[in-house]
Amino acid sequence: MDSQDVAVAELPEVEARAQGPAVALSNPEPAAPEPLRRSGRMIELDLARMNDAGLVTAAGGRTNLVEDFRIIKRPLIKRAFVARKPNANPGNLIMITSSLPGEGKTFTSINLAMSIAMELDHTVLLVDADVARPSVLRTLGLPAQRGLMDILLDEHLDMSEVMLRTNVNTLSILPAGTSNPRATELLASQAMKSLVLEIASRYPDRIVIFDSPPLLLTSEAHVLASHMGQIVVVVESEKTTQHAVKEALQQLEGCSNVNLVYNKSRELNTSSKYDYHYG
């Protein structure tokens with residue numbers, strides 16, 4: 001993936017136990033069985049490759065891109081854990097979408113997740129919810145895996161069995177999983193509603209980023225938006241038309257906390273560094 005520059009719109013273990021010598025006890029009480037702890041499979045993110053591809057990494061230094069995403073994430077984090085109104089969706093469920101393909105939504109999703117993973121008080125789950133054209137794992141140089149669609153199709157499959165833990169300790173990934181022609185209906189199902197509520201509430205410090213399909217090409221994005229507490233719409237600089245943006249925003253009528261991110265800005269200032277743009 002080519003490196004991109006992001007301009008921002010104003011956003012209104014299970015411990016290992018050392019074993020000592022065995023001690024004989026008289027009439028010992030039977031030990032209670034330890035609960036089964038299932039954790040996702042461990043994968044290794046190639047952080048050097050990610051950095052070369054223009055993605056945010058902790059080792060990348062203080063670049064304009066890192067600073068952009070620090071600006072973008074702050075209000076999203078602030079709203080993620082505020083008290084919510086009755087029947088409101090959890091604020092820590094954040095969907096990243098765009099009007100059309102190619103505007104940088106997956107780039108934004110990964111970078112936002114990586115930036116939040118740098119926080120001291122939060123963990124991140126990155127969900128590839130673009131089930132028709134999943135690209136999170138591909139962008140990260142990883143093979144396709146079972147994931148979201150498989151959980152929705154198999155009630156006996158636990159999320160922990162398909163979730164991928166990474167070498168970034170605070171970041172986990174839930175792949176899109178097996179393609180299914182009934183993806184829209186699955187995302188609109190009670191099973192999906194229950195799953196996102198479980199994901200949102202399982203850990204008190206977790207923020208969940210959903211890389212969603214484009215709004216104007218699929219019906220899945222509109223359905224997915226109905227589960228979200230915050231939505232970020234990526235707009236490509238000098239390419240996305242005003243008409244497309246307005247039409248996309250109409251798809252989100254009734255959704256609260258809709259934000260815009262202006263992506264791929266190439267305007268230079270006098271010091272030949274990319275500017276921040278607010279609007």
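Start by selecting M114, which sits in helix α3 (helices are DSSP runs of H or I with at least four residues, strands are runs of E with at least two, and both are numbered from the N terminus). At 5% relative accessibility, M114 counts as buried (buried means under 20% relative accessible area, exposed over 50% and partly exposed in between, with a 1.4 Å probe and protein chains only). You are looking at a predicted model, in which local features need pLDDT of at least 70 and side-chain atom pairs count only at pLDDT 80 or more, while totals for chains, interfaces and linings use all residues. Residues are numbered from 1 along each chain as its sequence is written, and side-chain values use heavy atoms, leaving out hydrogens and water.

Now show what surrounds M114. Leaving aside neighbours within four places in sequence, M114 is in contact with L47, M50, V56, T57, V168 and L171 (contact means heavy atoms within 4.5 Å).

**Two crossing helices**

Keep α3 on screen and bring in α2. Two packed helices are described by the angle between their axes and the distance between the axes. Here α2 (residues 64-80) and α3 (residues 105-117) pack at about 80°, with axes 9 Å apart (axes are lines fitted to C-alpha atoms, for helices over the stretch in contact, and angles run from 0 to 180 degrees between N-to-C directions). The two helices are therefore roughly perpendicular to each other (angles under 35 degrees count as roughly parallel, over 145 as roughly antiparallel, 65 to 115 as roughly perpendicular and the rest as oblique). To see the contact, display L65, F69, R70, I72, K73, L76 and I77 on α2, and F107, T108, N111, L112, S115 and I116 on α3.

N87 is exposed, with a relative accessible area of 83%. Check its backbone too: phi of N87 is near 70°, a positive value in a residue other than glycine.

**A threonine in β5**

Next, pick T166 in strand β5 (residues 164-166). T166 is buried, with a relative accessible area of 4%. Which backbone oxygens lie beside a polar atom of the T166 side chain? One belongs to V168, at 2.9 Å, and another to L171, at 2.8 Å (a polar contact is a pair of N or O atoms within 3.5 Å; within protein, one must be able to donate a hydrogen and the other to accept it, and residues adjacent in sequence count only if both atoms are side-chain atoms). Beyond four places in sequence, T166 is in contact with M42, I43, L45, L171, S172 and I173.

**The cores**

Switch to a view of the nonpolar side chains. The largest nonpolar core has 38 residues, and L148, L187, M192 and F210 have the most contacts inside it (such a core is a set of buried Ala, Val, Leu, Ile, Met, Phe, Trp, Tyr and Cys residues joined through side-chain atoms within 4.5 Å). Helix α8 (residues 190-201) gives the largest share of this core, five residues. A second, separate core of 36 residues includes I110, L112, L140 and L142.

Zoom in on M192. Neighbours within four places aside, M192 is in contact with L148, L152, L186, L187, F210, L224 and H227. Then select Q190, also in α8: at 55% relative accessibility, Q190 counts as exposed. Q190 and L152 are 38 residues apart in sequence and 9.5 Å apart in space, C-alpha to C-alpha.

**From β8 to α10**

For the last stop, find S237 in the loop between β8 and α10. Is S237 buried or exposed? At 9% relative accessibility, S237 counts as buried. Its side chain and that of Y262 are joined by a polar contact of 3.2 Å. Apart from neighbours within four places in sequence, S237 is in contact with Y262, N263, K264 and S265.

E238 is found in this loop between β8 and α10, but E238 is exposed, with a relative accessible area of 74%. Phi of E238 is near 60°, a positive value in a residue other than glycine.

Finish on helix α10 (residues 242-251), where the buried residues are A244, V245 and A248. They cover an arc of only 100° around the axis, which puts them on the same side of α10 (the arc is that of the directions from the helix axis to the C-beta atoms). The buried residues of α10 pack against β8 (230-236). Turn to the other side of α10, and you find Q242, H243, K246 and Q250 exposed.
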